[in-house]
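Take a walk through this model with the sequence at hand.

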Amino acid sequence: MTTSVDLSQSFKAYDVRGIVGDTITEGSVRAVGAAFVDVLGLAGSRVLVGGDMRPSSPGFARAFAEGATSRGADVVMLGLISTDMLYYACGVEQAAGVVFTASHNPAAYNGMKMAQAGAVPVSSDTGLYEIRDVAQRYLEAGEIPAVETTGVVSEQDLLAAYAAYLRSLVDLSGIRELKVVVDAGNGMAGMTTPAVLGDTVLEGLPLQIEPLYFELDGTFPNHPANPLEPENLRDLQAAVVAHGADLGLAFDGDADRCFVIDETGEPVSPSAVTGLVARREIARARAGDTVNGAVQAPEAEPVIIHNLITSHAVPELVAAEGGRAVKTRVGHSFIKAVMAAEGAVFGGEHSAHYYFRDFYNADTGMLAAMHVLAALGTQQTPLSELAAEYDPYTASGEINSEVEDKAGAVARVLQAFAPSLAADATTAGEDTVSAAVDAEDLAGTGVLVDRMDGTTVTAVDGTWWFNLRPSNTEPFLRYNGEAHDAGTMARIRDTVLDLVRQDA
């Protein structure tokens, strides 16, 4: 044991991420494993432990298991897993667990994503910081207290069961043959894609998979496993065009997010994917369905969750399809909590996280990809045309501005758009005021100001909106905006960014 590791450097609001050998070590992980059992009351219960393809993951998994068993939990080692495989395991086994991964972070990093039984997330609101504090005390004491009966370690392989469960939720056996390029980024999708979409553990599907970087390699020799960055999609875009493929799929390192490329090599926005999947899930819920052998009663108004910077096309589509859209803050712990509280059938984020009630309210990029394949494979329209139905507006994408005085920057923007609210840029609630910017085009239209997560300003007539969210860890204001036409989107974007960066 060592006291040199300050766990506050690696424990974030939703998970743990640190630099291997510096802010996360086998000694600190061992203490976290013990604290995980103590804080969640898991002595005498099973704890599921797995990891991704990073070189440090096996050692960290063993260290966590040592800590957990030392405090009386029985550990089930799952071996190599994606993050959504952990959620599946925690759901189907009704046991708490951890996966060692740093998602899309560089090779020098590793971390932990934790879940309670039923795949309920462990976050700063549900015990993560308490686990940190108990583990820190163990580190400072130099030892983990012994218990009378220590736990035992066993092993379990869930890949085939995970693949079969996903296939039970979306039937791809009858679709037309599709050619699909998949960029696994040397991450866990290199293992899960052949299992779910290929024929390595189940019967083959009418899919011709063209693999790109399927070799599991946590040093990421080809490109970072972060499809949110456009440069990391270039190889996939080129391969889709070169192969004459129907679409491309890109997964991040731990394979819980999926990005989609159409047949022309252009990205399909996550909002469009959210709309497409929402339409399918609403139709299924309204009709009633059988999930894993259980008959579901038809729902009159299925609920769809979306975060506040998802395209407004999503709630509009949900309403048109007979569902009810519920807006939430950005972040998986918020969305999962609202999913559970609302009994929502599906939820989507602009960051390409997709959440399913039938997947224990957890996010899975693979299941979202299967919905896209099913929608495309049951008709002849190319994906570019299909996606256009769900993406009618022009979005700015996320733009970061480095600003020391974030509150002051927001106040300047409100002074221009909503002067009566500029004096207090932190007031909660929503107000309607008169616009006072770009007099020729916008004066008198009125705006709504919403402070659910950052500051969102929306034209009363619905033709444009933007959101400014401060980063909790960096001196950034994150801008997202959308308008019904490209010219308005650009005018609003440039006006706001000029105000934000005025003193930068």
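The model is predicted. Begin with an open sheet of 5 strands. Its order is β15-β14-β16-β17-β18, and the pairing is mixed. Two strands stand at the edges: β15, residues 324–328, and β18, residues 362–363. Each has a single partner strand, so one side of each is left without a neighbour in the sheet.

Strand β16 covers residues 346–348, and strand β17 covers residues 354–356. The two run antiparallel, joined by 3 bridges. Which residue of β17 is the bridge partner of F346? The partner is F356.

Step back to the whole chain. The protein chain holds 14 helices and 25 strands. Its radius of gyration is 23 Å, close to the 23 Å that the globule rule gives for 504 residues. The chain is therefore as compact as a globular protein of that length. Along the principal axes, the C-alpha atoms fill a box of roughly 75 × 55 × 45 Å.

Of the 504 residues, 58% count as buried.

Helix α6 gives a local view of burial. This helix spans residues 189–196. How many of its 8 residues are buried? The count is 8 of the 8, so α6 is largely enclosed by the rest of the structure. The buried residues are A189, G190, M191, T192, T193, P194, A195 and V196.

S10 lies in the segment before β1, the strand at residues 16–19. Is S10 buried or exposed? The cut-off for buried is under 20% relative accessible area. S10 has 1% relative accessibility, so it counts as buried. Which residues does S10 touch, leaving aside its neighbours within four places in sequence? S10 is in contact with D15, V16, R17, G18 and T23.

Now look for empty space inside. Rolling a probe the size of a water molecule over the atoms shows where such space is left. The structure holds 3 cavities of 30 Å³ or more. About 80 Å³ of space lies in the largest cavity. Its lining has 11 residues, and R284, A285, Q296, E299 and R357 lie nearest the centre. Two elements give two or more residues to this lining: α8, residues 270–287, and β12, residues 289–291. By class, the lining residues divide into 4 nonpolar, 2 polar and 5 charged.

The second largest cavity holds about 40 Å³ of space. V268, A272, V273, L276, V372, L383, A387 and Y390 line it. Helix α8 and α12, residues 383–388, each supply at least two residues of this lining. Where does the largest share come from? It comes from α8, with 3 residues. What is the make-up of this lining by class? The residues divide into 8 nonpolar, no polar and no charged.

Key
Residues are numbered from 1 along each chain as its sequence is written. This is a predicted model: local features need pLDDT of at least 70, side-chain atom pairs count only at pLDDT 80 or more; totals for chains, interfaces and linings use all residues. Side-chain values use heavy atoms; hydrogens and water are left out. Two strands pair if DSSP finds at least two bridges between them. Helices (H or I, at least four residues) and strands (E, at least two) are DSSP runs, numbered from the N terminus. Buried means under 20% relative accessible area, exposed over 50%, partly exposed in between (1.4 Å probe, protein chains only). On a 1 Å grid over the protein atoms alone, a cavity is a set of points where a 1.4 Å probe fits but cannot get out, and a pocket is an open set with protein on both sides within 12 Å along at least five of seven lines; lining residues have an atom within 4 Å of a point. Grid points are joined across faces, edges and corners, and a volume is the space filled by probe spheres set on the points. Ala, Val, Leu, Ile, Met, Phe, Trp, Tyr, Cys and Pro count as nonpolar, Asp, Glu, Lys and Arg as charged, and the others, Gly among them, as polar. The radius of gyration is taken over C-alpha atoms; the globule rule is 2.2 Å times the number of residues to the power 0.38. Contact means heavy atoms within 4.5 Å.
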